[in-house]
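Good morning, everyone. I have one structure to walk you through today. Please look at the screen.

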Amino acid sequence: MGETEQRPTAGSRLGAQENAGISTLEHGQKPPMTPPGKLVSIKIQMLDDTQETFDVPQRAPGKVLHDAVCNHLNLVEGDYFGLEFPDHKKMMVWLDLLKPVMKQIRRPKHVVVKFVVKFFPPDHAQLQEELTRYLFALQVKQDLAQGRLTCNDTSTALLISHIVQSEIGDFDETIDREHLAKNKYIPQQEALEDKIMEFHRNHMGQTPAESDFQLLEIARRLEMYGIRLHPAKDREGTKINLAVANTGILVFQGHTKINAFNWAKVRKLSFKRKRFLIKLRPDVNSSFQDTLEFLMASRDFCKSFWKICVEHHAFFRLFEEPKPKPKPVLFSRGSSFRFSGRTQKQVLDYVKEGGHKKVQFERKHSKIHSIRSLTAQPSEQHSEVPKQSSSFAFGDDNDAAVVQSCRQGKELKASTEDTGQRRSPSLKKSPKESRKVDGAVVSTVEEEEEATKDRMQNRPQSQQPSTAGSLTGSPHLSELSINSQGGPSVANMSLSPNLSPDAKQSSPLISPLLNDPSCIRTDDEEEVKRKRFPTEKAYFIAKEVATTERTYLKDLEVITSWFQSAVSKEDCMPEILKNLIFSNFEPLHKFHTGFLKEIEQRLALWEGRSNAHIKGDYQRIGDVMLKNIQSMKQLTVHLWKHNEVLMELENGIKNSRKLETFCRDFELQKVCYLPLNTFLLRPLHRLMHYKQIMERLCKHYPPNHIDFRDSRAALAEISEMVAQLHGNMIKMENFQKLHELKKDLIGIDNLVIPGREFIRLGSLSKLSGKGLQQRMFFLFNDILLYTSRGLTASNQFKVHGHLPLYGMTIEESEEEWGVAHCLTLRGQHQSIIVAASTRAEMNKWTEDIQMAIDLAEKSSGPAPELLASSPPDNKSPDETPVDQESEDDLSASRTSLERQSPHRGNTTVHVCWHRNTSVSMIDFSIAVENQLSGNLLRKFKNSNGWQKLWVVFTNFCMFFYKSHQDNHPLASLPLLGYSLTIPSESENIHKDYVFKLHFKSHVYYFRAESEYTFERWMEVIRSATSSASRTRALSHKESHAY
């Protein structure tokens, strides 16, 4: 393509590595052929007002030039951008990617092509890369200066204040006045300078990346955002302006929008000479004619606008690039123009799959020292703002991924170069992307895999440890690098304000803790160790009792040790509540400490670590289980109290802001890897595990076995306890789930009310005037909520609307709307159209919604108290899903972040959002049954050795520890959406008891110690990776009745 690498380029100016171009093509897709021939130089004006020259072959199509610019900038999401230039009639047109460049730009020496934003998405949170958002912010800045983005003075001042914050940092009156005097962002700027500085004062501590986000958050709500006006006349000859946006075709009179035609209403677009024609779908409620006609200045103007409309429709509405029509044999009729490139959905999927490596870049206009992100602690106000738009990203993303912090740059790079260190691109992340609490990190396995790859690639060049404090950004779910209850991940060491870039503290993902070669066990060692231990199934069943008991005891310690210690230091909990909680959990902890010691002693004897095994008296476990289960019955009085404990704690949190803050902060600690109220349910869940283990043991033993009688008696005792507590446990699980969901939702106050039951949550696409938009749906027994997730500090889901189930009907409507897996939900007052990701997902939703409707119909009718708790913004399907604010209200938008609740990015809700799937309450109940702990050997796809880890599987997630004695997990892997298989011959594993987990490009191998443990891991993981239908789940539930 070009020879731009030979001289200083925009890529090098933005801090990109040489030859680090990133293709905008899909995996396996080849770039367009570059025809040989003479090269011509094309001048490109970038969004930062610099000019670059690209040399392309004369016969090269426009896509070659477009890709060259994107590769040059290391721009992954280049499909949002286009190249525009003045044609021979001085009319600005877009470069056609399929036609040769020289047939479009006739005199390249005299033409400057502009690289600008072409497609403006409805929500900037859909932009996955920080670089993309930076370029969008530059476009907004340019549109303001050119008068294209018009708004009132308040909004203008607020927009400029964020631009100033990104360029010079925190407010300083002298510096501000000097900067505004030298830089004119709008004409007649002087009148707004005081207001600009007043707003700028409120942005203290805001990073350039945060400023970009806030700028786009404000801009996207303005009527003229992303709008280019095209003069026209209507049938009456009235002068109007036409424009096209992601929603459809807009009609303006001056700068005021007077009409809009959503894509869903448009049947056909065409032009005939100077006439632009819009054919609408028939609508009995509409006063418009079937075909609308507008007159434009010339045929060229008309055709140009028609092309832009075709491209916008294809980019935002289609799932994939339209295929070319076959050429006619004799005569051609009409234009052969078609959209070329990836659609927005393909771009989002590509970034979610992690088919790229993120690179640092430097902002041309920013004067903020990049070293600040390492040397200064994050400000309290903005410490919870994510640095990347999510996922879209567990960056498995994504799942949406989070981009590098803009505050890393020149000084850091110079420092590492001076010390001879070579930093992997995946480690160039701001410490703020890995949240710091008490100095530990809970990362995702996807991140760990990327770190391993980079270490293997950079080992020859890097002899010294990498600079600490930064974790790799997962290309698939990076914003979920946190503990599973939604607390932020915590760094393995605290970053003190005095930490220099040269500090050689090791990151948890590159330290001996997880990746020391000494931790990798050789196959010979493993075989020798395996032969020393018993091989019978009963031994491994007994060993499962011990391994899961260790985890259960650690979970009890979260309450009896960690939580109690934290409570004693803070005067936030009433004495009555303290006594209620700890008086009912301490006896359980004391008892199970002794129980675990007995089990471990029995296993030691069974394994032959004493002479007692010669008599054969100790190769059994039923007697130990019977003795302790009988003793456990005396603790039933405490188990009955757990319902009261859970309810009183939630009531205390509801009535005391101080207690609410305390519990929220405790959930952010490294030991609290699940929601706090989940630990309160652990004792009841454990009874069910004992029952299942004893069932397996009794099934294994023949009736004449020495251990059969004790095992059967223990099973009878534990079954009686479980049956007594069954009803209590079902109520507690629903109560706990409602309170957990309450933390993930904003816009509804009374989610937890008597009689409400949770049924299913998951991601669906909602069809609106803006096309298919991802929404999170929550189904209860009385109502269906739909929400969206913005890139906010809290990562919560905002409720946009609701449908009462009473009187609702559901029907498949794929043919009517032309959307796969589509359903129409018709309520008494409104209807919505939704689409699932797969046929299986659609069937699950159909089944559960229909069941909920039937239950609502059988009830006495819609209960007013239930509907009163629903959000007030019950919208019609045609309303836009964004907040409707006046421009004057924008000055207060999203600037007071310190009041937002903490980041909750790894809850089941967020994983479903990123993986585009759903789970039901039955799935949660099955997940409670399928919990497991033990040692596994783990291997990445591209690594050589196996690494031994202690693994805990619970809540659809695998948590990884160095050993069972650790108090907190080192990494986690949410399994919703993953596939569970056995490695094929071609994968060259050649080991026994190996299973494989894979999701898109992420592949992990795990190796168990025996056939029994292998089957158990397969069984429990399959429950999370492949959610059963309601019918199958119910039968499963009944077979494991309490």
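Start with aspartate 923: its side chain reaches the backbone nitrogen of serine 920 at 2.8 Å. Keep in mind that this is a predicted model. Aspartate 923 sits in helix H28, residues 921–929. This aspartate is buried, yet it has no salt bridge. Which side chain of opposite charge is nearest to aspartate 923? It is arginine 760, 4.3 Å away.

Arginine 760 does have a partner. Its side chain meets that of aspartate 848 in a salt bridge, at 2.6 Å from N to O. This pair links distant parts of the chain. Arginine 760 is in strand S16, residues 758–768. Aspartate 848 is in helix H25, residues 839–858. They are 88 residues apart.

The structure holds 43 salt bridges. Some share partners: Glu544, Arg696, Arg1016 and Glu1019 are joined into one network.

Now take a pair within one helix. Lysine 554 and glutamate 557 meet in a salt bridge at 4.0 Å, N to O. Both lie in helix H16, residues 537–569. They are three residues apart, so about one helical turn separates them. Lysine 554 is partly exposed, at 26% relative accessibility.

Next, lysine 184. Its side chain forms a salt bridge with glutamate 190, at 2.7 Å from N to O. Lysine 184 is partly exposed, with a relative accessible area of 46%.

On to helix H6, residues 173–182. Which residues of H6 are buried? Asp176, His179 and Leu180 are. They cover an arc of only 95 degrees around the axis, so they sit on the same side of H6. On the other side, Thr174, Ala181 and Lys182 are exposed. The cover over the buried residues includes helix H5 (153–168) and helix H7 (193–200).

Last, the nonpolar cores. In soluble globular proteins, nonpolar side chains tend to be buried together. Here the largest nonpolar core has 96 residues. Ile44, Phe115, Phe276 and Ile278 have the most contacts inside it. Helix H4, residues 130–145, gives this core its largest share, eight residues. A second, separate core has 78 residues, including Ala538 and Ile559.

Thank you. I'm happy to take questions.

Conventions:
Residues numbered from 1 in each chain as written. Predicted model: local features only at pLDDT ≥ 70, side-chain atom pairs only at ≥ 80, totals over all residues. Heavy atoms only, no water. Core = buried A, V, L, I, M, F, W, Y, C linked by side-chain atoms within 4.5 Å. Buried < 20%, exposed > 50% of the residue type's maximum accessible area, 1.4 Å probe, protein only. Helix = DSSP H or I, 4+ residues; strand = E, 2+ residues; numbered from the N terminus. Arc of directions from axis to C-beta. Contact = heavy atoms within 4.5 Å. Lys, Arg positive; Asp, Glu negative; His and termini not counted. Polar contact = N/O pair within 3.5 Å; in protein donor to acceptor, adjacent residues only side chain to side chain.
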